[in-house]
Amino acid sequence: MSSTRRAWLRAAAIAGGVLPLAACERLLSRVSRELGQNIPAQFATPASADIDPVFHLLSRTSYGLWPGDWQRAQAVIKDGGPAAWIEQQLAPDTIDDRLCDLRARRFETLWHDPGTCYEYKKEVLREEITRHTLLRAVYSQRQLFEVMVGFWTDHLNINLEKGDCIYLKPADDRTVIRQHALGKFRDLIRASVTSPAMLVYLDGKENRKAAPTDIPNENYARELLELHTLGVHGGYTQQDVYEAARCLTGWRLRTTWRKGTVYFDPAWHDDGEKTLLGQRIAAGGGAYDVDRVVDIVCRHPATARFIATKLTQKFVSETAPSSLVERVAQTFTATDGDSKAMLRVILLSDEFQSARGVKFKRPFHFIASCLRALGADTHAHKPLLEYLLRMGQAPFQHPTPDGYPDEATPWLGTLLWRWNFAISLAANNVPSVQVEAARLLTALGGDGAQLDPARLWPHFIGRMSTAAESQPLTEFAARSGLQGDAHNAELLGLLLASPAFQRY
Amino acid sequence: MSSRRGFLRQLALGRPAAATHEHTLVCVFLRGGADTLNMVVPYGDDRYYQLRPTIAISAPVANSANKDAALKLDDFYAFHPKLRPLLPLYQEGRLAIVQAVGSDNTSGSHFEAQDQMEHGEAQARVANSSGGGWLGRHLRTRTGRELTPLSAVAIGPTIPESLRGAPTASALHSLAELQIQAPTQDARAVTAALAALYGAEVGLLSQPGRSTLELLQRVESLRGQRYAPENGAEYPDEEFGNGLREVARLIKAGVGLEVACLDLGGWDTHFFQGASDGLQAAQIALLARGLAAFDAELQAVRARVTVLVMTEFGRRIYENGSLGTDHGRGFALLALGGCIQGGQVFGEKPSLTADDEFLLGPGGLAVHCDYRAVLAEILSGVLNNQQLGQVFPNFQPQAIGLVKV
């Protein structure tokens, strides 16, 4: 998907006129296709009986493989080993993502400060941030970065529907989550503590000591310890929650000029001495109390272990192997919680390679991976977003601060909608999404009439199919009596609906 | 391979339906702020007639054929004549009314008041409010049976706010949507292929795959038959009636339906509201005929079905200059079902709000019962949710006595 300067100039020539908005998206799609965001005419796929190791690496560090991804990664890894490919993904700024930007950058509410966001309708804000998230997941070349954005979005969950969060989350997404997705954990938490959206979501802005009788609001302090840093069994006490809450008093949001931005109000701050997790915080710290809190909780050994466990569960398996968790926790401690360093340890470990195909795609991942596997063209309009809502994983809609669960069990009731999405998508029946099934089949070496389903599977699941998998499709081919494109589209739909494609 | 064949055979023969004794809560939301004062008429209060010179419903008259008169419930209350289909339900003790219900929302805005009510919150949404809708939180905190794709269903185009955050929720217009949506006429072959693929599964997806296929089959067998409602139930042939009919079918099919949401609009009667006939009477008739049909059809399973009818706010006690009523506060909530301690009107009699609460202008009815108290009592008493603190944070519900013990 390299894009030369000449190709960009050609694209600019295509765009050489002022177009109505509806045509604008068609144009963006056409330009993107021209510049390489398409299904390659031919591409290689794995040919092993077990899930191919490169496919495994890619599918765990992305929202699924786009046609041709495996062949490209294979080339990098052949020379430099998996580390070479991982390092590329860990340096997102060096990856050209202009084609994704074409689709995803144009939502203006994402770039505004909170004050300006207040001028938009909630529907607009909700739709833009949701579309942006899905489009990035589907089209970004910085896939590992997007996966980590998803991870931290769940970890530091904010529900758009609470209070004014919908006006404040765009800034949180930009300056907390995306800013630090591959950075140091301490910086991420420091940014989150005084993020206006978080101050609203967990009532930090209500946490004050304005009068001697005021009792702090512990909501945020509790979740900071329980969900964001030490973990529920991290060894903190009720007193620690209380002391942390005292430290965090006085962070308020402006309500008129520069509405929705944060400031420290000394008159609301409890400036007495505190003791948090055995460490003394001297009186008179004022606004710096928050930095002390962040330092203490982020350097706590329970935090290293908690984050290491969650990351290992996310990238390896629900039952995180303790040997690996231990090494990741050590890395956390040694590097001040450097996400990149932890990811290197995880992705290059034996534990990672021996956990192939054991994770269950959550609905968002499933939908993104279907779109990617088929090289679909979409601008993520409502009909597509409805599927996310229906399966219970619309971005930024999880009500409670623990974020969407990563485990499989809560999502097992979504199969019917997955099947229908798979079949509708492959047959080009999801409004506002375009799929070129014929082109994909040709690229995979299937020739319309004589299509052999066995040749299709590896692109989707990273290995050859078993007899139990290929036989139903062969029977289907014989039984359905369908010919041509409709038939082929249904075969692709069945692949997306298959048990193996629900896993990664 | 033999296990796969066995599975296919099982599918073909139809497995014995799993014991599904779920309770279904049906939430009907009257959008627009219903004037419940003209539905459950306080004919024993003279002020009602003084303040509503043209739109009041005349007091019940014993043994009269006057079809404009209210239908007596007790010495104080009577039903709007168009609620006649619900009268036997009240008399037989499964329909109850709770008076003076409402939220603390004083915005007078439909959107704000609905939003707040569907989110199950107080107006000041501070302190630990957990976001999402109250039914969404209920579904996340309830324990027991596994969720299915049809545990929560909204009849209509979209999922309502009350179900926001639910682990699963489906918006449907009819059962017709519950099938494999193959673009060709070949859904059967697609289903067979899925059955084979999932039948060969031994892991995590084996059970969910089977239950989903089973569900499809159960719904298909329903769809195959020409559906005729039982017990002479006659649903009004429009959106609301059709929606109730589909909910009844789902309940009878035993597909695991726990929560169903329906809307009925057209209650914002600022203008020419009418009395025993007219704009509001037409909506009342739809509501009554729909619920009566639903109740009749589900006769055999009434103990497992509860219906709540609510609205975002009631209307003012006096009629306005254009023969309608403006946005008020308190309203009467209807609860129907075999578990409901029916045949009575709970709560305080309709009264005006105290002077210092005239935030909306004078004439709104006082709220004596926070709407969450009703919802909480149903969730704990009927649906056995033991985590009310998660569903309604920072709320101590008052007991009403609405549920049979």
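Select helix 9 of chain B: 15 of its 19 residues are buried, so the helix is mostly covered. Buried means that 20 or more other C-beta atoms, placed from the backbone, lie within 10 Å of the residue's own; 12 or fewer makes a residue exposed, and anything in between partly exposed. This is a predicted model: local features need pLDDT of at least 70, side-chain atom pairs count only at pLDDT 80 or more, and totals for chains, interfaces and linings use all residues. Residues are numbered from 1 along each chain as its sequence is written, while chains are lettered from A and ligands numbered from 1 in the order in which they are written.

**Stop 1: helix 9 of chain B**

Stay on residues 279–297 of chain B. From first C-alpha to last, helix 9 reaches 28 Å, close to the expected 27 Å. That expectation is 1.5 Å times one less than the number of residues. Helices here are DSSP runs of H or I with at least four residues, strands are E runs of at least two, and both are numbered from the N terminus.

**Stop 2: B:Ala248**

Now pick B:Ala248, in helix 8 (residues 239–253) of chain B. Is B:Ala248 buried or exposed? B:Ala248 is buried, because 26 other C-beta atoms lie within 10 Å. Leaving out residues up to four places away in sequence, B:Ala248 touches B:Phe294, B:Glu297 and B:Leu298. Contact means C-beta atoms, placed from the backbone, within 7 Å. B:Thr24 is 224 residues from B:Ala248 along the chain, yet their C-alpha atoms are separated by 10.0 Å.

**Stop 3: strand 5 of chain B**

Select residues 95–102 of chain B. This is strand 5, mostly covered, with eight of its eight residues buried. Strands pair if DSSP finds at least two bridges between them. Show strand 10 (residues 331–337) of chain B: its pairing with strand 5 is antiparallel, over five bridges. Here B:Ile97 stands opposite B:Leu334.

Next, show strand 11 (residues 345–346) of chain B, which runs parallel to strand 5 and is joined to it by two bridges. Look for B:Val98 opposite B:Phe346.

**Stop 4: a three-stranded sheet**

Stay in chain B. An open sheet of three strands has the order 2-4-3, with antiparallel pairing. Its edge strands are strand 2 (40–41) and strand 3 (71–72), each pairing on one side only. Strand 3 meets strand 4 (residues 78–79) over two bridges. Find B:Lys72 opposite B:Ala78.

**Stop 5: helices 9 and 10 of chain A**

Switch to chain A and select residues 165–180 and 185–193. These are helix 9 and helix 10, whose axes come within 9 Å and cross at roughly 170°. Axes are lines fitted to C-alpha atoms, for helices over the stretch in contact, and angles run from 0 to 180 degrees between N-to-C directions. The two helices are therefore roughly antiparallel, a label for angles over 145 degrees. On helix 9 of chain A, show A:Thr175, A:Val176, A:Gln179 and A:His180; they meet A:Asp187, A:Leu188, A:Ala191 and A:Ser192 in helix 10 of chain A.

**Stop 6: where the chains meet**

Finally, show both chains. How many residues of chain A are in contact with chain B? There are 45, facing 44 residues of chain B. On the chain A side, elements giving two or more residues are helix 20 (382–390), helix 21 (415–426), helix 24 (467–480), helix 25 (484–497) and helix 26 (499–502).

Notes:
Angles under 35 degrees count as roughly parallel, over 145 as roughly antiparallel, 65 to 115 as roughly perpendicular and the rest as oblique. Two residues are in contact if their C-beta atoms, placed from the backbone, lie within 7 Å.
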